[in-house]
Amino acid sequence: MRTASKWLSLTVLVIAEAVGMNLWFTSAAVLPDMARETTLSADRQALLSSAVQAGFVLGALGLAITGLADRFDPRRVFCLSALAAAAINLVLLLPPLGSDLAVAGRFLTGALLAGVYPVGMKLAVGWGLKDRGLLVGLLVGGLTLGKSLPYLSAYLGGADWRLAILTASLLAALGGLLVLAVGLGPHHATAPRFRPAAISLAWRDSRIRRAYIGYLGHMWELYALWAWVAAAAGASYMSRLDVVAAESLAKLTAFLAIALGGFACVLAGRLADRLGKAEVAMTALAVSAGAALLSALAFGGPIWLNFLLFLVWGLAVIPDSAQFSALVADFAPPHLAGSLLAFQTALGFGLTIVTVQVTPLLASAVGWPVTLALMALGPIIGLVAMRPLCSRPNP
């Protein structure tokens, strides 16, 4: 009976996480259509996406320091965060398009999503100990699938970008209500509060330091790809298709590239429990780096080849994410694990504020091929840092 309850709760949780997190790339998915109605500079377009990253960093740190998910039922924190984010997302519909109010709305949306992703993770890991690689993989797969949904809505809605934004808000609200049906697992416990002293351990312990560097290398490319894969693919396709057809195919490419990564997270989680977390993470980093470099070389070439490479890249760019967090949790003293994970998240998403903002500006200056190739630097550095961890027994 407990097993049935576990998997029913996890199924509902993954669905709630997916539709709740679909708000993340709402503006990025509709930017080409929105830009046709108003003048939006490259800097302003990037700001609509990077503001979400900045908001999430602040929200995640606030959640860790205040312990809100421990002081209150985490399901209610998740629910209220998703409902509030769904409402604020509608600011994107208000004129003038892309205004400071829209950017502020994106920032608040990111801050509120900190009450969805980390809190959903807390709910998931409460259902197991030995299979936590799989549990975390399931949740990361759900949120990855959710982040692909705005691109699907934009693709199906065509030029009617307002419908995509409304759909995103409705789905997020649904996710907030669904999570109330999720049960608390037998291993659900209060997470330790954030301890500033843990920051020094992140540098002094070589295992944790290497896992951090691997995670930062992963985050270097992850959100830059997710936020701008449609723009990069569209620019590549335009060498052989008209603008409308290229942009439509680019939306589909972005949806599939991100969504496929979600399914890969589940497989990676299962393999990590058997083969080792560091080994799985390094495999994903290597494939991702290779796909980035090949996408740069093939840019503007045959559409089928570019399409395939973007899909392979999307498939490999995310499965390692959960394993970096799991490694830090394995290596950290139990009383500092929560603080070290919170600090890791803050560093990673802090980096993405820069990469998401700079990527389209760099593409405008030096072109997409060079920009895509530079994305490979992160996973390459991560590979070098992580290599010594593969010789260690998996805890």
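**Ground rules.** I am working with a predicted model, where local features need pLDDT of at least 70, side-chain atom pairs count only at pLDDT 80 or more, and totals for chains, interfaces and linings use all residues. Residues are numbered from 1 along each chain as its sequence is written, and side-chain values use heavy atoms, with hydrogens and water left out.

**Entry 1: α5 and α9.** I looked up helix α5 (residues 74–89) and helix α9 (residues 161–178). Helices are DSSP runs (H or I, at least four residues), numbered from the N terminus. The two axes lie 7 Å apart, at an angle of about 170°. Axes are lines fitted to C-alpha atoms over the stretch in contact, and angles run from 0 to 180 degrees between N-to-C directions. The pair is therefore roughly antiparallel (over 145 degrees). The crossing of α5 and α9 is left-handed (the near helix is turned anticlockwise from the far one by less than a right angle).

I then listed the contact (heavy atoms within 4.5 Å). On α5, I found Phe78 and Leu83, among others. On α9, the list includes Ile165 and Gly176. The contact residues divide into 10 nonpolar, 4 polar and no charged. Gly counts as polar here.

**Entry 2: α11 and α12.** Next came helix α11 (residues 206–237) and helix α12 (residues 243–275). Their axes come within 8 Å and cross at roughly 140°. Trp226 and Tyr237 of α11 are among the contact residues, as are Leu249 and Ile258 of α12.

Methods
Helices (H or I, at least four residues) and strands (E, at least two) are DSSP runs, numbered from the N terminus. Angles under 35 degrees count as roughly parallel, over 145 as roughly antiparallel, 65 to 115 as roughly perpendicular and the rest as oblique.
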